[in-house]
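Here is a brief report on one structure. It covers a ligand site first, then two spots on the protein.

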Amino acid sequence: MPRKKPVVFVTRKLPDVVETRMRELFDTRLSADDRPLSQAELVAAVREVDVLVPTVTDRLDAGVLSQAGPNLKLIANFGNGVDNIDVETATNRGIAVTNTPGVLTEDTADMTMALILAVPRRIAEGIKVMEGGDWAGWSPTWMLGRRIWGKRLGIIGMGRIGQAVARRALAFGMSIHYHNRRRLPGEVEDRLEATWWESLDQMLARMDVVSVHCPHTPGTYHLLSARRLRLMKKDAYLVNTARGEIVDENTLARMLEAGELAGAGLDVFEQEPAVNPKLVKSDRVVLLPHMGSATIEGRIDMGEKVIINIKTFMDGHRPPDRVLPSML
Ligand SMILES: NC(=O)C1=CN([C@@H]2O[C@H](COP(=O)(O)OP(=O)(O)OC[C@H]3O[C@@H](n4cnc5c(N)ncnc54)[C@H](O)[C@@H]3O)[C@@H](O)[C@H]2O)C=CC1
Ligand SMILES: O=C(O)C(=O)CO
């Protein structure tokens with residue numbers, strides 16, 4: 001007799017090709033309307049299904065997980081960051097967690113590099129001028145930004161995305177500096193011409209551009225606290241495509257307003273989709289709606305990873321992208 005297909009609940013609309021394959025392989029319940037689920041809706045889902053496929057917009061906290069039914073064995077996150085899931089509680093309850101690392105590295109690094117270029121070179125302001133029909137012609141002293149070449153880039157979290165950003169920035173003539181939980185092997189440092197800073201505080205005080213690429217965990221919440229943001233040079237720029245919670249957004253907004261930092265490029269925010277109104281008003285920032293990994297190719301690759309993780313797990317093997325609390 002053929003084995004019963006696992007019941008898989010997908011919280012958001014995924015690319016058609018991914019949904020089609022999921023329907024072929026699993027007893028798949030797709031999102032009826034593409035919107036974040038409420039906590040009550042998540043509870044209803046985890047009570048019933050074998051596998052949940054959430055995204056960054058679904059908060060699977062201890063409260064929700066405590067109500068999981070006996071069938072729930074896997075949370076296969078459609079996303080790299082797992083800060084939307086209480087991995088420890090899930091693991092303690094015998095629910096495995098997987099994510100989608102690697103396939104969105106290059107896309108997110110591209111978007112980061114775009115912000116590293118866009119903010120100092122005032123690209124968004126230039127676009128506004130053109131859209132407003134306000135261009136009075138070239139002038140030697142108008143719309144001057146800051147040169148990228150020769151500047152110091154400080155990367156916080158030199159993992160997959162951090163290193164992919166370093167490769168790009170090196171090609172733009174920036175000098176690469178990084179702070180990471182662990183120092184990289186010598187050959188990787190040599191290839192990236194990267195300087196390691198054991199002290200984040202010391203690195204922050206010397207960089208022209210700081211780019212955030214560590215995960216959001218209890219240990220990195222407000223890693224860029226008010227105190228640390230104030231260590232940055234007044235003419236420095238901050239770029240964050242990791243998670244909003246890593247930066248004290250209110251302090252950042254106040255500092256930008258007061259001219260205590262030159263600018264910021266942000267793809268992620270503390271209370272998404274809400275954005276601090278001071279940031280929205282500021283000419284010193286480029287804001288993006290969490291679109292670091294938003295390519296058609298990337299989203300299909302993420303879907304494939306989710307499918308492989310579910311299939312491997314359901315076939316009784318260790319899924320390739322298992323996340324354990326000790327990894328966070
Ligand atoms: N904007 C977007 O659309 C996307 C955002 N992301 C975010 O990017 C993050 C990083 O992704 P990957 O590079 O693939 O992860 P990764 O695990 O390869 O790299 C993270 C690095 O941060 C380091 N780290 C951890 N805690 C640290 C700390 N306290 N101080 C300094 N370094 C620390 C780790 O040692 C590791 O080297 C994800 O966790 C996710 O939140 C990921 C994909 C898309
Ligand atoms: O995968 C992630 O971590 C995201 O932020 C969305 O791609």
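Which side chain has an N or O atom 2.9 Å from a nitrogen atom of ligand 1? It is that of Asp 267. The protein covers 87% of the 870 Å² of accessible area that ligand 1 has on its own; areas come from the Shrake-Rupley method with a 1.4 Å probe, and for residues only the protein chains shown count as cover.

This is a predicted model: local features need pLDDT of at least 70, side-chain atom pairs count only at pLDDT 80 or more, and totals for chains, interfaces and linings use all residues. Residues are numbered from 1 along each chain as its sequence is written, ligands are numbered from 1 in the order in which they are written, and side-chain values use heavy atoms, without hydrogens and water.

| Residue | Residue atom | Ligand 1 atom | Distance |
|---|---|---|---|
| Arg 160 | polar backbone atom | oxygen | 2.9 Å |
| Asn 180 | polar side-chain atom | oxygen | 2.9 Å |
| Asp 267 | side-chain N or O atom | nitrogen | 2.9 Å |

Around ligand 1 there are 23 residues, each with a heavy atom within 4 Å of the ligand. Among those that come nearest are Asn 80, Ile 161 and Thr 241.

Now Leu 324. Its relative accessible area is 23%, so it is partly exposed (buried is under 20%, exposed over 50%, partly exposed in between; 1.4 Å probe, protein chains only). Leu 324 and Thr 91 are 233 residues apart in sequence, yet 7.3 Å apart in space, C-alpha to C-alpha.

Trp 142 is also partly exposed, at 39% relative accessibility.

Terms used: A polar contact is a pair of N or O atoms within 3.5 Å; within protein, one must be able to donate a hydrogen and the other to accept it, and residues adjacent in sequence count only if both atoms are side-chain atoms.
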